[in-house]
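Have a look at the chain below before reading on.

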Amino acid sequence: MRASRHWDERRVMSMTEVEHRFGESVKPCPFCNCPVAGLWVGPSPHMTCADCGADGPTFEGSRELLEFRQHKAVKAWNGSMPRQPVFKPGVI
Ligand SMILES: [Zn+2]
């Protein structure tokens, strides 16, 4: 699937890079099921969907290292992020 949004590569870390750095494979978007999501590389790390633009929880704060907070953002996207029911007309 091709992502419909175009990221600024300097701002969003690709899934490949996320896997390489954190050893986590990125799960599909819980909202639109798009398999492509990236990690926002900024002061408030969070995952962002390439298709619908959904964002995972952000992890702010300066007490923890940025890299540690980035890792938590990836984990949140992969597991503990609340999943809302999605209406799929094709399923019914
Ligand atoms: Zn999405």
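What share of the contacts in the chain with a separation of 6 or more comes from residues 24 or more positions apart? The figure is 48%. Please keep in mind that this is a predicted model.

## Overall layout

The chain contains two helices and three strands. Reading from the N terminus, they follow the order β-α-β-β-α. Of the 92 residues in the chain, 23% are buried.

## The sheet

Let's start with the strands. They form an open sheet of three strands in the order S1-S2-S3, and the pairing is antiparallel. S1 and S3 are the edge strands, each having a single partner strand, so one side of each has no neighbour in the sheet. In general, strands of a sheet pair through backbone hydrogen bonds, in a parallel or antiparallel way.

S2 and S3 run antiparallel and are joined by four bridges. Ala 37, for instance, has Cys 49 in S3 as its bridge partner.

Ala 37 is a handy place to begin. Once neighbours within four places in sequence are left aside, Ala 37 is in contact with Met 15, Val 26, Cys 29, Met 47, Thr 48, Cys 49, Ala 50 and Trp 77. Among these contacts is Cys 49, which is also the bridge partner of Ala 37 in S3.

Leu 39 sits in strand S2. Is Leu 39 buried or exposed? With 26 other C-beta atoms within 10 Å, Leu 39 counts as buried, because the cut-off for a buried residue is 20 or more. Leaving out neighbours within four places in sequence, the contacts of Leu 39 are Val 12, Met 13, Val 18, Pro 45, Met 47, Gln 70, Ala 73 and Val 74. Leu 39 and Glu 17 are 22 residues apart along the chain, and their C-alpha atoms are separated by 9.2 Å.

How values were computed. Residues numbered from 1 in each chain as written. Predicted model: local features only at pLDDT ≥ 70, side-chain atom pairs only at ≥ 80, totals over all residues. Buried ≥ 20, exposed ≤ 12 C-beta atoms within 10 Å, placed from the backbone. Contact = placed C-beta atoms within 7 Å. Pairing = 2+ DSSP bridges.
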